[in-house]
Amino acid sequence: MTYRHDAGDKSGKEMHDLVAALYPIHRSMTGNGVRQTLDILKNHIPVQTHEVPSGTVAFDWQVPLEWNVADAYVKDESGARVVDFTQSNLHLVSYSQPVDAVMSWSELKEHLHTLPKHPDWIPYRTSHFKESWGLCLSHRRFLELDALGDRSYHVRIDATMTDGSLTYGEFSLPGTSRDEVLVSCHTCHPSLANDNLSGIAVAVFLAKYLARAQRRLTYRFIFIPATIGAITWLCRNERRAENIKHGLVLSLLGDAGSTTYKKSRQGDAKIDRVVEHVLQHSQQEYEIMDFEPTGYDERQFCSPGFNLPVGCFMRTRNGYYPEYHTSADNLDLVQPESLADSLQKAVAIMETLEGDLTYRNQKPKCEARLDGLGLYSAYGDAQRPEELQQAALWLLNMSDGTMSLLDIAERSGLPFTLLKKVTDTLAGAGLLAEVPSQLRTPAGEKSADVEKKLT
Amino acid sequence: MTYRHDAGDKSGKEMHDLVAALYPIHRSMTGNGVRQTLDILKNHIPVQTHEVPSGTVAFDWQVPLEWNVADAYVKDESGARVVDFTQSNLHLVSYSQPVDAVMSWSELKEHLHTLPKHPDWIPYRTSHFKESWGLCLSHRRFLELDALGDRSYHVRIDATMTDGSLTYGEFSLPGTSRDEVLVSCHTCHPSLANDNLSGIAVAVFLAKYLARAQRRLTYRFIFIPATIGAITWLCRNERRAENIKHGLVLSLLGDAGSTTYKKSRQGDAKIDRVVEHVLQHSQQEYEIMDFEPTGYDERQFCSPGFNLPVGCFMRTRNGYYPEYHTSADNLDLVQPESLADSLQKAVAIMETLEGDLTYRNQKPKCEARLDGLGLYSAYGDAQRPEELQQAALWLLNMSDGTMSLLDIAERSGLPFTLLKKVTDTLAGAGLLAEVPSQLRTPAGEKSADVEKKLT
Amino acid sequence: MTYRHDAGDKSGKEMHDLVAALYPIHRSMTGNGVRQTLDILKNHIPVQTHEVPSGTVAFDWQVPLEWNVADAYVKDESGARVVDFTQSNLHLVSYSQPVDAVMSWSELKEHLHTLPKHPDWIPYRTSHFKESWGLCLSHRRFLELDALGDRSYHVRIDATMTDGSLTYGEFSLPGTSRDEVLVSCHTCHPSLANDNLSGIAVAVFLAKYLARAQRRLTYRFIFIPATIGAITWLCRNERRAENIKHGLVLSLLGDAGSTTYKKSRQGDAKIDRVVEHVLQHSQQEYEIMDFEPTGYDERQFCSPGFNLPVGCFMRTRNGYYPEYHTSADNLDLVQPESLADSLQKAVAIMETLEGDLTYRNQKPKCEARLDGLGLYSAYGDAQRPEELQQAALWLLNMSDGTMSLLDIAERSGLPFTLLKKVTDTLAGAGLLAEVPSQLRTPAGEKSADVEKKLT
C-alpha cells in the first residue's frame, strides 16, 4: 500500500514487550490474573475495570465463582516437586477444585493430561463447567514418572473457589457520531502468548493509534474473558449494542502465518467488505472464511438475538497451528513483525470504516475540467500521475450519491487509500460534495430524486 | 447418509418383481394394457382407475380413439411367422392401423423399422398422430429376409381403433395440509423395463412408504400415458393444480447409471433445492440439468399457464443410454440395487419436503446452555459428538424465524437429516419453537417484528 | 449465424473506398477538414452539418478557437523541406500555434516528436489545451538530421487560430417510437485510417442499411470531434438525451483483430446484453470489457449526470495495437473483410434491439399442437428441423408476458435470429401475441394479473 497510515515504526517491538510483560501472569475466566493484566494495560490506555459479582445472571448463564490459585504441585516421596505450578501455570487445569491428598501413581494418572505427539510440550486444559481437578505435564516427564512404578505422591492444589466477581476492561473513544465500532479480545488464557496476548497487544496499540485524533465513529475496546465475558458484557450493554455498526474480535495476531478473516453472520456487512478490501490490497496471502457458529466471541455477538456485524480477525486460525493451546505458544511464537503487520491492517480497516463516506459529483454532466488541480504531480509522487488521474475519473464518474468510496474502490479495483486521498483534492476543488447519510440515494434511484429531497 | 429413512431392505427385489410382472403387458397410450397394469398396481396400493372418453377435449388436444391389438404378424409363403407380435409387442409400431394384406417384400420394406447399429435389438416406434402402420424387427432378421429376394408376405395387424377411453390411475394420501406433492409417471410404453416400469415401481413403493404414517403434506400419485395423459389430467384438475407445491416426474429409475435431476421451469423451487441437497449428501455421482421444454411430462406441468414446481427424477436421462427405446431395455437392464437406490433418494426427498419447517430460537441472545441435553452421546452414536454439537450450534444461530431447516442445511453444509434429528432434541428442550408458516419472517426483516405480530 | 441480415456483399469494399476518400483530409477538433469530411459523407446519407461558435459554453467547457492550416514545414539551409506537412499531415502537432522562425537544430529539437521503437513511423500528437507547437517525424529522419550537427532551420507553421466554430454532423432516422438508438463516432483525427475513419465508414453504412425500411426505434447518428464534440452535443441535446435507450460509440472497426466491446456504465443495460449475445453467437473470438471512465466518448455519455446506456464497439481496443496513433494506422491496416464483419455485427445488434419484443403464449396451458405449422420444413432448411422445433418449444414455454425474446435467447442458448424467425411463424398462427410494453408483466408477477389489467 502506498498511502500507509503511520501506526508507528517501533510498534512491533513495543507490542512484543507488552506481550512479554503479560506472559507470566496466571489468568483464568476470573481472578486476580485478569486484574493484574488490566492494570498493565493502564500504562498504555485508561482502561476502566468492571467487576460483575458471582451469581449475576446473564441471559442463560450465571457469573461463576471466582477462582484464585496460590500454589499447585505434585511432590514425590522425597518431597521434590515433580509437577510445579510455579514453573508453568499451564500445569494446572483451569478451574480445578482445591486438592490436598496423598495418592498412588495409578490414582494420580487419572488426573493427568499430556500430548504424546509433542512430548516436550505441556497442554492447556480447562474444566470450567465441571467440578473436577487436573494437572498437565509434558509427555516426556509423564513417561519418566510412569517408569518409576506405582509410587505415592502428594498432590496439592492451593486454590480458592469463592464468591467474588468476573473482571473485564473497557475503553471507549467517543466520536462525533453515535455509531460504534466494537473491538473485543479475550483475556482469560494463562501463559499463552499468541492466544491471546497478541490480540490484547494489537487492541491496545490500535486504541493508542485511534486516540491520536478526533474520530467520526465511536470506538469501544473490551478486554473480556471468552464466552462468559462476552455474554455478561452483552447482557449489561443490551441497549448499547444497537449502536454497534461494525466490529472485530482480535485474536491470534502474532504468529508468522498469513491473515485469516472470518466473516460476520451477516456475511456482507460493511466490516466484511472493508476487511476483504484491505486484505486484497495488502499484497500478501490471506484467507476469508464464511461465518460459522464456533470460534471466538463472534459466536455471541452474532447470535440471532443480536446479529451484530462483528467478524474475527486472526492470523493462523484457532486449532490450525500445532502450538495452539500448548506451552509452545510462547514468546518465541509471537513475532514483532507479525504483530506490526496485524496492527497495520487493523489500522487500515479502521481508517477505511472511518473514511467511507459518500460524495456527489457537483458537475455530473460530462467530465469536469481537471487542469489546475495538480492531480498529476501532487503528493510528491511524480512517478504515478496516471494512478491519480484514474482515481479522479473513477471518483467523478461513480459519485452519483449512491456509491460510497468503498463501493467505488470495489468497482474500480483501486485501493481505498488512493481514492480517499484524491477525494480530498476533488472535494477541496468543489467537484465532490459529501452526501449526508440520511440523504444518500438508495442504489437504483436516480440522483435527481435525491436532489429534489435536498431542495 | 447416517440417518437413513427405512424404505425397506427388500424393496429392490420387490420392485424388480413388480417390473417383471408388468413387463409382458402390451401397453399403449390407451387400451387394455393400461387397465391390466393398473390392476396389478392395486395389489400394492388402492389406485383408482379413471376412464376419459375418446374425443374429450383437453386444452388444444382431444382424447384419441382407443387402440387394442389382438395379434399381429408377417407370414411368409409357407405360413411361418417371420415377424410375430406374440414374441415381442415391440414388433408392432404403436397405434398402427389394422392391416390384412399380401404384399411383396419391396412393398413391405417401406413399413419396417430396424437399428443397423444394434442388429439384434428391436426398436420401439410409435405413430400416434398419423394414420399409418409399421413393424419393427432386428436388423439381423431384416437382412435375412432381404437376402431372400422379393418374395410375397401376408401382413396381418389385428387391431381395433374405436371410440373408447383413455385410462389413468390416481392414488392420494391426504395430509394435514392442503399443500400437495405430485408424483407422476408414464404408463404408456409396452415391454420396456426401464422406460418406464422402473418409474412405476418406484412410485408404488414410495407411496407404500409414505402411507405408513400420517403426513403433513398431501401426496398425489398419478399413473398416466405420456403427453396426452398429462394434458388430460391437468385439464380435469385445473383447480387442484393450485395446491401442488412440489412435484416429481419419475422415469428411468432402474438402470445402473447415476442419478440425473432436471430442474423445474422455476429453477429455484423448493423441490429443486431439496433434490440437489439430497444428491449432494448421497456420496454418489449425480447430475443436475436446467429445465428445457423437452423431455417427459414436466413439459406440461411446467407450461407457462401452470408453471408448477415439478422436476424430473431419473438415472441415465432419456436418449443417453444405448438401450433406450429398444428391446434391450429389458429386465436385465433394470437392477434391484438401482431401483432401491432410486427409492431411497425419493424417500429422502419427500422426508425433506415433509420436514422442512422453520423454527425460532427461544433464547436468541448469546448461546444457550446445552449441557444436560445429551447432545454428545444421544442417539447411540458416541463416535460423532462433534457433529451433533455443530448441528445444534448452527440450528440455534440461524433459527431467527427467517430460515427453514433446508436453508440452514444449505448454509451450514450439514445434512438435513442430521439437522432434523437435532431439531427434535432442541425443540423438546424448549430451545427451538416452530414458526407457523403464516408468521414466518420474510428474509431481511428482523425477528423482533415477527414477535410483535405474534403478540 | 444462419439467419444473417443482408448488409450487402460489397459493403467491405465500399467502406474501404470511403475510408480511402477520407484518408488524405487534414482533420482536427475544428476546422475545414471536418467540413470536407461531412461533405463526402453526404454522398451516402443526408448528414446535417452543425456549427457551434467558438466560445460557446458547454457544461464545464468552452468551444475552442477554430484551427486551420495552410502549410507547415521545416526547411534546411538549402531551402529543401526536411519535414513537410503536405507529405503527411501527421507531421504537425494538432492545434500547434503559428510559427515563422529560423532556429538552430538544438532549439528545434525541443519541438520534435518521434517513435524510437518504430523508426519509420510518424507519431500522432496533439496539443489541444496548451499554447504550444510541435512537429512529428520518423525517428530515422530525426537521426539523419541529428547527424548533420547543429545547423540552422526555417520553421513555418502557416496556421490560423481564430473565432470560428466547432463542426459536427448529425443524421436521424425517425422510427415509430420515440425511443432512440444513438450511434456516435469521432471525426477529429487527421490521416489515421482505423482511428477513426473505420468507425465513420461503418456508421455510414449502418445508417444506409437501417434506412432501407421503416423502423420501430429512432436511430440517431452523430459525427463529432472527440470529447469536446460529445460534450457540446450533449449540452445542446440535454432534453433529447432522455429518449436515448441504447447507444454505441463506433471506433477502430477496420483492423484484423477480434471484436472488443466495452460495456456501458450501467453494465447490464439492454445494449450490453444484446452485444454480448451477438458476439456469443458470432462463432468468433471476442472480448467484453467492463466500463471504465477512460476511452472514447462513452465517458461523456456515461457521466453520472447522463448515465446513458452507451457502450463502445471496437475491434482491437485503443492503445493495444502497435500502429495506434501513428502513420502506420493507414489504408493497409484497415481491411475490407474486417469492416464488413464489423458492419455485419452492428447490423445484428440493431436488428436485435429492434426485434426484442415480448410475447405471450395464447395457449399457455400445456403444449399447443404444432402440427400443420410447417416448423419442420419451413424456411427451406430441411437439415435443421430439430432446431426450429426446439425454438418453438422454448418460445411457447417461456412467453408468459415477462420474458422478451432476448431473455428467451439468453435462457435457451438459442440465437436471437432463430427465435425471431420462429416467433413470426407462431405469431402468424395465433399462438404468440405481442405484449405492448406498458402491459408487460414485471418478472415475478403472475401472467394472470396482467390478463386482469388487459380486460
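Chain A of this predicted model comes out with an average pLDDT (the predictor's confidence in each residue, from 0 to 100) of 93, and 93% of its residues score at least 70. For the model as a whole, ipTM is 0.92 and pTM is 0.92.

As for numbering, residues count from 1 along each chain as its sequence is written, and chains are lettered from A and ligands numbered from 1 in the order in which they are written. Local features need pLDDT of at least 70 and side-chain atom pairs count only at pLDDT 80 or more, while totals for chains, interfaces and linings use all residues; side-chain values use heavy atoms, with hydrogens and water left out.

Chain A carries 13 helices and 19 strands, taken as DSSP runs numbered from the N terminus (helices H or I, at least four residues; strands E, at least two). Its C-alpha trace spans about 90 × 45 × 35 Å along the principal axes. Of its 455 residues, 58% are buried, meaning under 20% relative accessible area with a 1.4 Å probe, protein chains only. Among contacts in chain A between residues at least 6 apart in sequence, 80% join residues at least 24 apart.

Turning to the interfaces, chain B puts 16 residues and chain A 20 residues into their contact. Together they bury about 1,700 Å², 52% of it on carbon and sulfur atoms; this is the accessible area (1.4 Å probe) that two parts lose on being put together, summed over both. Four salt bridges cross between chain B and chain A, each a side-chain nitrogen of Lys or Arg within 4 Å of a carboxyl oxygen of Asp or Glu. A:Asp60 and B:Lys363 form a salt bridge at 2.8 Å, N to O. On the chain B side that touches chain A, helix α10 (residues 385–398) gives the most, with six residues.

Between chain C and chain B, the contact draws 16 residues from chain C and 19 from chain B. About 1,700 Å² is buried there, 52% of it on carbon and sulfur atoms, and the interface has four salt bridges. B:Arg265 meets C:Asp400 in a salt bridge at 3.2 Å, N to O. Helix α10 (residues 385–398) of chain C gives the most to the side touching chain B, with six residues.

Notes
Contact means heavy atoms within 4.5 Å. Buried means under 20% relative accessible area, exposed over 50%, partly exposed in between (1.4 Å probe, protein chains only).
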